[in-house]
Amino acid sequence: MLSEDVDRYISLRRTLGYKLTKPERRLQSFARFAADRGDTFIHTATALAWVEADGRTQVARNCRWTDLTLFAHFLHAEDARHEVLPDNLFPVRMSRPTPYIYTADEIARILDAAGGLRRQKPNPLRRQLYITLLGLIAATGLRISEAIALKIDDVWPEGRLYIRETKFHKSRLVPLHPTVIEALNRYLEARRQLAGTCDYLFPSVQLRALCPSTVNSTFNRILQRVRIAPDRPRRPRIHDLRHTFATRVLEQCSAERREVARHFVALSTYLGHVNIQHTYWYLQATPELMTDIAAAAEILVGSNAP
C-alpha cells in the first residue's frame, strides 16, 4: 500500500533531521487518491491528475509535484514498477522578499506603541508582553517561532536564553546584552504577578503559547498606528526585525578579512543558521553594506560551499 510506503519514507527522512509536516500530509493525500483509482504503484498519469485536482496555484502544484517526485525516486530504487516522474514540470520563480530594515527610531516607536495597546481584562499582561516580545526579537534576532516558544526555564542565569530544537532541529544558547537582561527582568516581575501558572514566557489568554497569527495581527496594528512605510507595496514584517539585527551587526564588522570570517561565523551561530550561506544572504538583501565585507564573505562562503 502506498500509504505504508509514505510512512516508511517519511520516517526514514526524519531520522536525517527533516520535519516534513506538510510533505507528509501531501503524500498521504496522494496515496488515498491513488488507492481510489486502484493504483498500487506510482504512475505519471495518476500523479498529474492528483496535482491538477487540488493544486489551486502554480506554487501549490509545484510543491505537490516536488514532494511526489522525490517519493517516486525513493520507491523506484526499490521497485522499477514505480515510475520516475519528470522534474520541474510545474516551475515557479521563487524569490525571497526584500527585507525592510528598521531604523532605531522606528523600533523605538514600535515599542512605544506596544506600550499603548488597549488593555484587555483576559490578558492584563498584554502591554508588557508585546513590549518585551518585540524588543527581544529586535535585540537578539530571534525568529518569531523561537520567541513565542520560550518557556520560563529557558531563561538561564547570567543573561542567557536557551533556544530549544527549532529550525533544522538546532538548539543554542543566546547571550543577552545587559540592557536586554534588565528589561527582561522587569517583564518577569510583572509576569509573576499577572500570568498565573503558565510556563510559557509569553503566555496567551488561554495560558498556552501565543498563536503566530495573533502576534502578527497585533504587530500590523502597531505598524498602522505609527505609520511605518505605509506606502510600501509589501508591508514590513516582524521577521524584518531579525533582518535588521543581522544588518546592524554586519555594519559594525571590520573590513579586515580575517575579522570578517570570525564575525560571520559568530553571527551565523548566534542566529541559528545551519549554513553560513544563509548569513551571507543578508549582504545580498542589503546592498548598502560595505563592499569589502561582501568580497570577504564571498571567499568565506566559497570555502564552505557544499
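A nonpolar core is a set of buried Ala, Val, Leu, Ile, Met, Phe, Trp, Tyr and Cys residues joined through side-chain atoms within 4.5 Å. The views below are all taken from a predicted model.

**View 1. The largest nonpolar core, with 47 residues.** Within this core, the residues with the most contacts are Tyr102, Leu133, Leu161 and Phe202. Two or more residues come from each of the elements α5 (104-114), α6 (126-140), α7, β2 (160-163), α8, α9 (212-226), α10 (239-251) and α11 (257-271), and it is α6 that gives the most, with seven residues.

**View 2. The surroundings of Phe202.** When neighbours within four places in sequence are left aside, Phe202 is in contact with Leu129, Thr132, Leu133 and Leu136, with Ala147 and Leu150, and also with Tyr187, Arg208 and Leu210. Two of the residues in this view, Phe202 and Leu133, are listed among those with the most contacts inside the largest nonpolar core.

**View 3. Another core, of 21 residues, lying apart from the largest one.** Its members include Val6, Leu27, Trp50 and Phe71. Two of these residues return in the ring views that follow, since Trp50 pairs with Phe30 and Phe71 belongs to a cluster of rings.

**View 4. The aromatic pair of Tyr9 and Phe74, one of seven found in the whole structure.** The two rings are tilted, with 5.0 Å from centre to centre and 55 degrees between the planes. Tyr9 lies in helix α1 (residues 2-14) and Phe74 in helix α4 (residues 58-76), so this pair ties together parts that are 65 residues apart in sequence.

**View 5. Trp50 between a ring partner and a charged partner.** Phe30 and Trp50 form an edge-to-face pair, their centres 5.4 Å apart and their planes at 70 degrees. Because Phe30 lies in helix α2 (residues 21-36) and Trp50 in helix α3 (residues 44-54), the pair ties together parts that are 20 residues apart in sequence. Phe30 and Trp50 are both buried. The charged end of Arg64 sits over the ring of Trp50, at 3.8 Å from its centre.

**View 6. Lys151 over the face of Tyr200.** Here the distance from Lys151 to the ring centre of Tyr200 is 5.1 Å.

**View 7. The salt bridge of Glu146 and Arg172, one of 13 in the whole structure.** The side chains meet at 3.0 Å, N to O. Glu146 lies in helix α7 (residues 144-149) and Arg172 in strand β3 (residues 172-175), so the pair ties together parts that are 26 residues apart in sequence. Glu146 and Arg172 are both buried.

**View 8. The salt bridge of Glu189 and Arg192 within helix α8.** The closest N and O atoms are 2.9 Å apart. Because the two residues are three residues apart in helix α8 (residues 178-194), Glu189 and Arg192 are separated by about one helical turn. Glu189 is partly exposed at 38% relative accessibility, whereas Arg192, with a relative accessible area of 57%, is exposed.

View 9. Asp240 is buried at 0% relative accessibility, while Arg237 is partly exposed, with a relative accessible area of 25%.

Key: Residues numbered from 1 in each chain as written. Predicted model: local features only at pLDDT ≥ 70, side-chain atom pairs only at ≥ 80, totals over all residues. Heavy atoms only, no water. Salt bridge = Lys/Arg side-chain N within 4 Å of Asp/Glu carboxyl O. Helix = DSSP H or I, 4+ residues; strand = E, 2+ residues; numbered from the N terminus. Buried < 20%, exposed > 50% of the residue type's maximum accessible area, 1.4 Å probe, protein only. Phe/Tyr/Trp six-rings, centres within 6.5 Å; stacked < 30°, edge-to-face > 60°. Lys NZ or Arg CZ within 6 Å of the ring centre and 35° of its normal. Contact = heavy atoms within 4.5 Å.
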